[in-house]
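Here's a quick tour of the structure below.

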Amino acid sequence: YAQNEIGCTYPYEFEIEETLPPTVTVSPEDSCPEENTGVLWVETSETEDLVYLLSQAGSIDRVFKNLPPGVYDIWVEDTLGCRTLAQTEILEMPPLLVVPPILEADCYTDAVRIEPIIESHQGTVYYAWSDGSTQDHLIATKRGNYAVTITDECAATIHSWDLEIRHTAH
């Protein structure tokens, strides 16, 4: 029943619609070794008037950046204050691990293939040789020092060394 301003009461009917909590999906991007580069992308079934909470720090942005590896609770709060929880983990990516190449040359060859061994990396590996080439190997055709700088997607670790070729058939 409802009452008007002069005290009369009358029946009043209304419907309360049940609202479902939003569906929450969190997509993590892992962190580079020893850096806080992890990212959490939050997707929801609803897009209007939601607040995204990570460790009680509220945001209207669906992306949380510069996070270290770890387990995260993400709450999505609607306009009624109702929260939906999703949990995810940001892992630490493997470091770039490079082993110097084993050079095998004999007196009968006029070239030596220099190819570093990549034991672990994240994403694409990039090479910068001292002669300007960017391939994963170098063919040395004369005596001298050869240097290579190797980086991966994280670019957190850079390996560089000099390789001296002492013998070729020339």
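## A greasy patch

Y10, Y12, F14 and I16 make up a nonpolar surface patch of about 520 Å². Patch members have over 30% relative accessible area and no salt bridge, with nonpolar side chains joined within 5 Å; a salt bridge means a Lys or Arg side-chain nitrogen within 4 Å of an Asp or Glu carboxyl oxygen. Areas are Shrake-Rupley values with a 1.4 Å probe.

I16 sits in the loop between β2 (9-10) and β3. With a relative accessible area of 75%, I16 is exposed (over 50%; buried is under 20%, partly exposed is in between).

## Ground rules

This is a predicted model, where local features need pLDDT of at least 70 and side-chain atom pairs need 80 or more, while totals for chains, interfaces and linings use all residues. Numbering runs from 1 along each chain as its sequence is written, and side-chain values use heavy atoms, leaving out hydrogens and water.

## A three-stranded sheet

Here's an open sheet, ordered β3-β4-β7 with antiparallel pairing. Strands are DSSP E runs of at least two residues, and a pair needs at least two bridges. β3 (24-29) and β7 (63-67) are at the edges with a single partner strand each, so one side of each lacks a neighbour in the sheet. On average, neighbouring strands are turned by 15° against each other, direction ignored, using axes fitted to C-alpha atoms.

Three bridges join β4 (residues 38-44) to β7, and G38 has L67 as its bridge partner in β7.

## The whole protein

The protein has 16 strands and zero helices. Of its 170 residues, 33% count as buried.

Terms used
Helices (H or I, at least four residues) and strands (E, at least two) are DSSP runs, numbered from the N terminus. Axes are lines fitted to C-alpha atoms, for helices over the stretch in contact, and angles run from 0 to 180 degrees between N-to-C directions. Patches are made of residues with over 30% relative accessible area and no salt bridge: like charges are joined within 9 Å, nonpolar side chains (Val, Leu, Ile, Met, Phe, Trp, Tyr) within 5 Å. Buried means under 20% relative accessible area, exposed over 50%, partly exposed in between (1.4 Å probe, protein chains only).
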